[in-house]
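Have the viewer open as you read.

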Amino acid sequence: MTTTAVRPYTRRISPIERGYLNAAATGTPQLIQMVLEGEGTLDADALRQAARAATLASPGLAVRRSGAFWRATGTVPEVVELPAGTGPDDPFFHRDLSVVTGPVCEVGLIPGERPQLIVRASHVVTDGRGLRQWIADLFRALRGEDPVGCPDTVDDTHFRAAAGEVPPSPGATRLTGLPTIIGRGPAGARPLWLRRRVPAGPSGVTARAAAALSRHLATDTGRLIVPVDLRRHDPTVRSTANLTSQMVLDLRRDDSWKRVHSTLVRALITKAEVAVLDRDFLRDNPFANNLSEARELDGTRFPCTAIITDHGEVDPETYSTPDFRLTSFSTLPMLVPYAEMFLSACRVGDTTELTLSCRDRPGARETADSLLTDVAEALRSR
């Protein structure tokens, strides 16, 4: 009897991921951080066993860079026990994760009346959907269920083919810098995070938030990046890879959310996020074509005003166990070299969790707080 050897998980580094490698090389950590809060208890040892099971099923969260490839090393994300009361100022939230030495993912556990689970991963190797799939398997394992797994090794080229006919994207031109909105002067190395819980769960969150932001523009126009999950073009793919492309949209001062929403819908219908995949990243990048150009972005002007990502509805049952029930799900968005701010939205039931990330500089907190108040009001309005 012969047995067939199982090939270790290996996939090629995609053009999208090379863009994040370029951003990380500027010294700005490219991280996804998801914060799950709830009622009950979570056991650290049980989490370690569950993390092992989830990673065996989704080895893309245990990779290291090897030349032009990602190769699984068997490194299971570590579970770090943090003291009760640990907050976002703790070094745990700010240390980078190396895609060369690994690990590329780790879990923090903060005990208390409302325990928190913080799942951190390198955005170079995964995206929001990919990480949420791994976390869902983590909780399946905690409940004694079998993980579903994400074994696929496809990259963005697969979805370019799966999308079928796509109208060509306009030629890329270098985007000029826009004056800053949030604060002035030298910025600290760490991001400033502001969080707001809004008792509303409306449709069109991205458009509503963008319209509220447009009231704060320093000039007549701004520029918006909306991340789009390429998996929508082939829902059968199960992968934790970074499969998120970007749509770049113009924003007008005092824009209406319905106009922004219409623009977004048209861009999705024409598969604008797929069309940009045909560009040569090293020659046709609208933000920076090499590391030197990326480092020239000194924080006084930005090609992009804001990145807005709506993670959509989060089902509490997916991230709960008999001993722990999820009540809140949010993210801590990273700083991006070419964007002034990054706004993230997640919905649990009838509540939307907003988190804004920006540079910590003089006047930033007050301005960002005012902006976030306007976004929250926009989500509550009809």
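Which residue in β7 does Cys105 stand opposite? Cys105 faces Ala121 there.

## Ground rules

This is a predicted model, where local features need pLDDT of at least 70, side-chain atom pairs count only at pLDDT 80 or more, and totals for chains, interfaces and linings use all residues. Numbering starts from 1 along each chain as its sequence is written, and side-chain values use heavy atoms, with hydrogens and water left out.

## The sheet and its helices

Strands β6 (residues 105–110) and β7 (residues 116–122) pair in the antiparallel sense over six bridges; strands here are DSSP E runs of at least two residues, helices H or I runs of at least four, numbered from the N terminus, and pairing takes at least two DSSP bridges. They belong to an open five-stranded sheet with mixed pairing, in the order β5-β6-β7-β2-β14. β5 (78–81) and β14 (324–331) are at the edges with a single partner strand each, so one side of each has no neighbour in the sheet.

Helix α2 (residues 44–57) packs on the sheet, touching β5, β6 and β7 (contact means heavy atoms within 4.5 Å).

## Thr244

Thr244 sits in strand β11 (residues 244–252). Thr244 is buried, at a relative accessible area of 13% (buried is under 20%, exposed over 50%, partly exposed in between, with a 1.4 Å probe and protein chains only). Leaving aside neighbours within four places in sequence, Thr244 is in contact with Ile16, Asp127, Pro227, Val228 and Asp229.

Conventions: Axes are lines fitted to C-alpha atoms, for helices over the stretch in contact, and angles run from 0 to 180 degrees between N-to-C directions.
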